[in-house]
Structures are given as C-alpha cells and as structure tokens.
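Here is a short briefing for a first look at this protein. Please keep the sequence and the 3D view open while reading.

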Amino acid sequence: MVFMSLLFISYTDFIPPTNADDISHMSKKELNNFIKEYLIKNPEIIIQSVEKFQLKQEKIASQYQNKALEKFITAAKVNENLPFFGNDNADIVIVEFSDYQCGYCKRAFPDLMDMVNDDGNIKVVFIETPILGPMSNLAAKAALAANKQRKYMDFHRALMQSRGRLNNDKIFNIAAKLQLDMKKFKEYINSFEIKKSIASNMKNVQILGINGTPAFIIGDQLFKGAMPRNDMEIAVKSHRSKIK
C-alpha cells in the first residue's frame with residue numbers, strides 16, 4: 001500500500017533541502033544517488049510524503065461524497081417511487097438504508113417508528129440495501145413488490161419483526177397473510193423495474209461510502225451504524241435549528 005502510494009507522490013517531495021548550486025552541476029545519475037542516500041539517512045521524509053498524499057486523497061474523496069450526498073438527498077425527497085412512512089409534508093426527512101437480515105436494523109426499527117409517530121413531522125424514506133446475500137436480495141425485492149400493491153409498510157414491519165434466518169417460505173407466507181395478489185407479487189419480484197431499483201440503490205450506497213447497515217441520512221447529515229433514539233432525536237433537533 002505504501003509502495004503504491006509512493007508512485008503518486010511528487011518527485012520534488014524527495015529533493016533534500018540544500019543549496020541549488022550544490023546540485024546544479026550534478027548529472028541525473030548523481031542526483032538520483034544523492035536523493036537515495038539522503039532518504040536512507042532520513043526515512044521520515046517518505047512517511048511524511050505518504051501521509052501528505054493520503055490526506056490529499058481523503059480530502060478529495062470527502063468532497064466527492066459530500067456532493068454525492070447532497071445530490072442524493074435532493075433526489076430522494078422528490079422520488080415518489082421510494083417507499084416511505086410518516087408525514088409526507090414533514091419538515092425533516094430521514095433516509096434509512098437497511099437489510100432485512102441485519103440484526104442492528106431490526107433493533108433500530110422500533111425506536112425509529114416510535115420517534116416518527118411521537119414527533120408527527122418526520123418522513124422516513126426507505127432504501128432497500130441487501131448486502132447480506134441472496135436472501136436479503138429476495139426480501140428487498142419482495143418488499144418493493146409489496147409496495148406496488150400499497151402494502152410496503154406492512155411487509156417491511158413484518159420482516160423487521162421476524163426472528164431467525166429468512167427463507168423463501170417466510171417471505172412468501174408474509175405476502176399471503178397480507179392478502180397480496182400472489183400472481184402479481186411474484187411477477188413484480190422478477191420484474192426489470194424492481195431489479196433496476198435495487199441495482200440503483202446499491203450503486204448509491206457505494207458512491208456514498210456506506211459499507212454496512214443500518215445507515216441514516218437525517219436532514220443533510222449521513223450517520224453510519226445503528227443509532228439509539230436519543231441520538232436520532234438530537235440529529236433531528238440539530239437540523240431543525242438549521243432550517244429555521
């Protein structure tokens with residue numbers, strides 16, 4: 001990793017502090033040997049240069065992700081195809097990225113729902129983020145298929161409250177209990193539209209640097225990892241103070 005980083009560090013970073021007249025007469029070979037000898041005697045210069053490069057790359061990545069986050073938030077607020085819960089005209093929008101096989105997501109679910117119900121002025125937009133394998137992917141597609149029949153929240157709640165490993169029977173039994181049109185449900189699951197939605201979600205997750213679930217966007221801030229209710233309420237209050 002360090003070696004690869006050195007490939008991108010400016011050659012001038014390694015020129016030792018010396019009088020220009022001292023090196024002006026040197027051949028290229030002599031200069032290279034001089035620099036090599038200097039670096040052997042002063043290895044901390046390499047470490048400093050690598051750290052400088054890494055800080056620069058981190059700054060560039062952070063700026064890119066901030067712009068991507070701003071763009072994503074704007075799109076999420078107006079995308080009518082994304083499932084949501086709460087007040088559609090709320091002053092605060094929370095975006096949640098979750099996986100139905102994620103234990104942390106399931107533990108966060110009751111606090112999030114209670115907070116939204118108690119507040120009355122929050123909208124939660126759900127981004128299906130199936131990162132834990134094929135069964136997570138099937139569950140995510142099934143939830144979006146339920147959304148096509150206006151039963152997303154019931155389906156989402158049932159999956160979040162389920163215990164044990166997910167399987168086909170559990171997913172389709174939930175659909176049957178919710179009295180979904182099973183023929184259409186199965187067609188929707190395998191539809192190009194839903195597959196495209198999941199693929200788009202996963203692309204956004206990668207761009208935003210989200211590598212685990214749950215993750216939340218509250219107002220204009222991205223929070224990675226599970227959040228207790230108190231922390232979510234603090235984030236909501238902070239954003240409200242910004243927009244007043």
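The points below go from the whole chain to single residues.

This is a predicted model: local features need pLDDT of at least 70, side-chain atom pairs count only at pLDDT 80 or more, and totals for chains, interfaces and linings use all residues. Residues are numbered from 1 along each chain as its sequence is written, and side-chain values use heavy atoms, with hydrogens and water left out.

**The whole chain**

- The protein chain has 11 helices and five strands. Helices (H or I, at least four residues) and strands (E, at least two) are DSSP runs, numbered from the N terminus.
- Of the 244 residues in the protein chain, 38% are buried. Buried means under 20% relative accessible area, exposed means over 50%, and partly exposed lies in between (1.4 Å probe, protein chains only).
- The protein chain exposes about 14,700 Å². Carbon and sulfur atoms supply 53% of that area. Accessible areas come from the Shrake-Rupley method with a 1.4 Å probe, and for residues only the protein chains shown count as cover.
- Take the contacts between residues at least 6 apart in sequence: 73% of them join residues at least 24 apart. Contact means heavy atoms within 4.5 Å.

- Strand β2 covers residues 92–98. Seven of its seven residues are buried, so the strand is largely enclosed by the rest of the structure.
- Both faces of β2 are covered. I92, I94, E96 and S98 are buried on one side, and V93, V95 and F97 are buried on the other.
- β2 pairs with strand β3 (residues 122–128) in the parallel sense, over seven bridges. Two strands pair if DSSP finds at least two bridges between them.
- From β2, the chain crosses through helix α5 (residues 103–119) to β3, and this β-α-β crossover is right-handed. Right-handed means that, with the strands pointing away from the viewer, the path from the first strand over the helix to the second runs clockwise.
- β2 also pairs with strand β4 (residues 215–218), here in the antiparallel sense over four bridges.
- F97 stands opposite I127 in β3. F97 also stands opposite A215 in β4.

**Two buried residues**

- I92 is found in strand β2. I92 is buried, with a relative accessible area of 0%.
- Leaving aside neighbours within four places in sequence, I92 is in contact with N121, I122, K123, V236, H239, R240 and I243.
- I92 and I243 are 151 residues apart in sequence. In space they are 9.5 Å apart, C-alpha to C-alpha.
- N201 has its place in helix α10 (residues 192–207). N201 is buried, with a relative accessible area of 9%.
- Not counting residues up to four places away in sequence, N201 touches I127 and E128.

**Backbone details in the loops**

- A cis peptide bond joins T213 and P214, with omega at about -5°. P214 lies in the loop between α10 and β4.
- R150 has a positive phi of about 60° although it is not a glycine. R150 lies in the loop between α6 (134–147) and α7 (152–161). R150 is exposed, with a relative accessible area of 78%.
- Q179 has a positive phi of about 60° and is not a glycine. Q179 lies in the loop between α8 (168–177) and α9 (182–189). Q179 counts as exposed, at 70% relative accessibility.
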